[in-house]
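Work through the exercises below on aromatic rings and the charges over them. Each task is followed by a solution in steps.

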Amino acid sequence: MKTLIVYAHPEPRSLNGSLKDLAVSTLEGAGHEVRVSDLYAMNWKAAVDAEDYGPHASRPLQVALDSGRAFDAGALTPDVRAEQEKLLWADTVVFQFPLWWYSMPAILKGWVDRVFTYHFAYGVGEHSDTHYGDRFGEGTLAGRRALLSVTAGGPEPHYAARGINGPIDDLLFPIQHGILYYPGMEVLPPFVLYGTDRVTDEAFPDIAKAWEQRLLTLESTEPIAFRRQNAGDYEIPSLQLKEGLEPGGRTGFGLHVRG
């Protein structure tokens, strides 16, 4: 297995840093190849701008179209091209980050904004009366698996169905479904640690054991059963879920998960 770890935390000695290091040692110890994109250590540029697209940047800037032209011409900046090559190399991608303000850190969102360009992560495939592009289960990154490893400061009940922060599956849906499943990756159930602001050194061995177990079962873990866009569950071109396919009483994001 070839695994890319995309890591976003400014402190190497943090819990996130320890989980990243443990992932590297565990996977390499099991005979897998591992590459790491340590975004803070790389001083990753998070903001999209015209410099990303060089001579293919228009005035006014059109991020989608300009990024597609630059991608097609092989003219994206070297840092972006390197990350795209890592994604194509990997068969598994692990994202290690803290949940900040109900989402990923800005540097990681900036990685997505710049790396997931038009004609690479979106804007691919044919559009017809029965096929609305290659996305949501199809696309450039199809055949790869993705896993979010997330630390949350609040207690687990705060992220439950009736918790004040909202269900963790809902909070992560825009990332798991909208960023990772969109270009074709199968998304594994997330590894989430709660109450991490109060984790003690004594608690880490149990955390490490649970994380090692998840890492060593990545290849056998069933992905989240998101519905494929072009497999018949949605009306095209409206992309509305067909009537009667939802389990009784299910609404919201859960409509887009089978079973």
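The exercises that follow concern a predicted model.

**Exercise 1.** Classify the pair formed by tyrosine 118 and tyrosine 122, and decide how exposed each ring's residue is.

Solution. Rings pair if their centres lie within 6.5 Å. The count by this rule is ten aromatic pairs. For tyrosine 118 and tyrosine 122 the centres are 5.2 Å apart and the planes make 55°. Planes under 30 degrees apart are stacked and those over 60 edge-to-face, with the rest tilted, so this pair is tilted. Next, accessibility: tyrosine 118 has a relative accessible area of 22% and is partly exposed. Tyrosine 122, at 25%, is also partly exposed.

**Exercise 2.** Do the analysis for tyrosine 159 and tyrosine 194, and locate both residues in the chain.

Solution. The ring centres lie 5.6 Å apart with the planes at 40°, so the pair is tilted. Tyrosine 159 belongs to the loop between β4 (145-151) and α5 (168-181). Tyrosine 194 belongs to the loop between β6 (191-193) and α6 (204-216). The two are 35 residues apart, and their pair links distant parts of the chain. Buried means under 20% relative accessible area; tyrosine 159, at 10%, is therefore buried. Tyrosine 194 has 22% and is partly exposed.

**Exercise 3.** Which residues form one aromatic cluster?

Solution. The members are Phe173, Tyr181, Phe226 and Phe253.

**Exercise 4.** Over which rings do lysine 20 and arginine 35 lie?

Solution. Lysine 20 is over the face of tyrosine 7, 5.0 Å from the ring centre. Arginine 35 has its charged end over the ring of tryptophan 89, at 4.1 Å from the centre.

Notes:
Residues numbered from 1 in each chain as written. Predicted model: local features only at pLDDT ≥ 70, side-chain atom pairs only at ≥ 80, totals over all residues. Heavy atoms only, no water. Phe/Tyr/Trp six-rings, centres within 6.5 Å; stacked < 30°, edge-to-face > 60°. Buried < 20%, exposed > 50% of the residue type's maximum accessible area, 1.4 Å probe, protein only. Helix = DSSP H or I, 4+ residues; strand = E, 2+ residues; numbered from the N terminus. Lys NZ or Arg CZ within 6 Å of the ring centre and 35° of its normal.
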